[in-house]
Amino acid sequence: MADNLFGTDGVRGQANRWPMTAEMALKLGAAAGRYFRRDQHEHRVVIGKDTRLSGYMIEYALTAGFTSTGMNVFLLGPVPTPAVGYLTHGLRADVGVMISASHNPAQDNGIKFFGPDGYKLSDEAEAGIQAILDEGPRLAMPENIGRARRFEDARGRYVEYAKTTFPNRKRLDGLRIVLDCANGAAYRTAPAVLWELGAEVIPIGVEPNGYNINLECGSTHPEAAAQKVLESRADIGICLDGDADRVVIVDENGQVADGDQIMGLIATRWAQDGRLAGDTLVATVMSNLGLERHLNAKGIDLKRTSVGDRYVVEEMRSGGFNLGGEQSGHIVMSDHSTTGDGLIGALQFLACMVETDKKASELARVFEPVPQKLINVRYEAGQDPLAADAVQRAIADGEKALGSEGRLLIRKSGTEPLIRVMAEALDPVLMDKVLDKVVSEVKTAS
């Protein structure tokens, strides 16, 4: 039995190190191909990627694996993660694959799978692929080996679709927009969408070289966009991450609004218009308590899930809700997309600007956040700091001290060897005290 490959968002690791090796990618492609190949009809897979150098290696290895089981492969090239979900369904493919480590640095990479409906795979489907991987897939007969071809129109199709999510007959004329594409997957699609809708676009982070994805740019480093907004006197800054499934907004004063503020704005507007299904927003345990209080005051419910946009989407689908996301900037709008989509999320914010004629700064501060702080503690492989008695005591003491006036959340990252310790409280002094104690014990046990 092989070690479980799948984390909270597919398979991820350092490129050319297990499990992100060419050999493993080939085996994974063959296992996924066999899992989705149920009969003798033509079977298709679409494969997209971001701009990491290792994407070439993994793309070709996956292609070899899929074709070895009789799957025909459509290679999309660099496209946003949501474009893979969209095109998997649009091309009637059996499975879609995105090669990306999202907001992680260039030396990392990952493999995310989408089902034929364009949604990320369930835990059950991933377990099925894992089982075939452990057993070894049955290869196709020589006459049934699949073909591979470049699909040249992938970016164009996604650009046209993204524009349809903007209000009909509305344009972005007169808006000067700084757009940071993180030297990633949206470096060509996102500027095209905004320009075609009439905006003056000032692009940064659009010169990928294989090594600079997310490097001091994008949604995890919005300082570059904030500086450019001030320098160019732009109306707004939009920061995507490496695979463009996240977005944060920079207002005209250089202030940053995270996913909670964006979701709060969209949820409030949609509820006013009768568009918010179930008068509910789905977010994760990481979303700020201030967001929950704001929504409740507007008669909007907040449902929380585990961290990961796939869990947000699962809750949205099971409950029939159409808006969800994460504080980190995943904005999921099931009326438009099957997964987090940074560009379409930004278009919804821009639509609010156009329809209300308000500045970004007037829309980007929907609620006053409750003081919140997150500290990441790296641990050595094989260690389990959260199992230590001293850590458990510190957590219990912290939760007791915070009571109903705050929250303490400790969890392992699903993509990196990190313990994420988050504290939130109306009293920032108490918050810091509790956080420092827990972090200290986690570091000692790491």
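This is a predicted model: local features need pLDDT of at least 70, side-chain atom pairs count only at pLDDT 80 or more; totals for chains, interfaces and linings use all residues.
**Entry 1: the largest pocket**

At least two lining residues come from each of β11 (256–257), α8 (259–272), β16 (372–378) and β18 (418–425). I noted β16 as the element that gives the most, with four residues. The pocket holds about 1100 Å³ of space. Its lining counts 43 residues, and R246, D258, Q327, S328 and L374 are the closest to the centre. Sorted by class, I find 19 polar, 13 charged and eleven nonpolar residues in this lining.

**Entry 2: the sheet that includes β11**

I then followed β11 into its sheet. The sheet is open and has five strands, in the order β8-β7-β9-β10-β11, with mixed pairing. β8 (200–204) and β11 are the edge strands, each pairing on one side only. Within the sheet I examined β9 (residues 236–240) and β10 (residues 247–250), which run antiparallel and are joined by four bridges. I238 has I249 of β10 as its bridge partner.

**Entry 3: strand β5**

Is β5 mostly covered or mostly open? I find seven of its seven residues buried. In a regular strand the side chains alternate between the two faces of the sheet. I therefore checked each face of β5 in turn, given that buried means under 20% relative accessible area. D108, G110, K112 and F114 are buried on one side, and N109, I111 and F113 are buried on the other.

Next I looked up the pairing of β5. Strand β1 (residues 11–14) runs antiparallel to β5, and four bridges join the two. The bridge partner of G13 in β5 is N109. β4 also pairs with β5 in the antiparallel sense, over four bridges. For V97, the bridge partner in β5 is F113.

**Entry 4: the cavity**

The volume of the largest cavity is about 50 Å³. Its lining consists of T8, D9, G10, K112, F113, K120, L121, E126 and R310. I note that K112 and F113 of this lining are among the buried residues of β5.

**Entry 5: helix α3**

Why is α3 (residues 81–90) described as largely enclosed by the rest of the structure? The reason is that seven of its ten residues are buried. I list them as T81, P82, A83, V84, G85, L87 and T88. These buried residues pack against β2 (44–49), β3 (72–78), β4 (95–99), β5 (108–114) and α5 (154–164). After α3 comes R92, which I note for its positive phi, near 55°.

**Entry 6: cysteines**

How many disulfides does the structure hold? I find zero. C181 is in no disulfide, and the nearest cysteine sulfur, in C217, is 9.4 Å away. C181 counts as buried because its relative accessibility is 0%. For C352, the closest cysteine sulfur is that of C239, at 18 Å, which is too far for a bond. A disulfide would need the two sulfur atoms within 2.5 Å. C352 also counts as buried, because its relative accessibility is 5%.

Terms used. Residues are numbered from 1 along each chain as its sequence is written. Side-chain values use heavy atoms; hydrogens and water are left out. On a 1 Å grid over the protein atoms alone, a cavity is a set of points where a 1.4 Å probe fits but cannot get out, and a pocket is an open set with protein on both sides within 12 Å along at least five of seven lines; lining residues have an atom within 4 Å of a point. Grid points are joined across faces, edges and corners, and a volume is the space filled by probe spheres set on the points. Ala, Val, Leu, Ile, Met, Phe, Trp, Tyr, Cys and Pro count as nonpolar, Asp, Glu, Lys and Arg as charged, and the others, Gly among them, as polar. Buried means under 20% relative accessible area, exposed over 50%, partly exposed in between (1.4 Å probe, protein chains only). Two strands pair if DSSP finds at least two bridges between them. Contact means heavy atoms within 4.5 Å.
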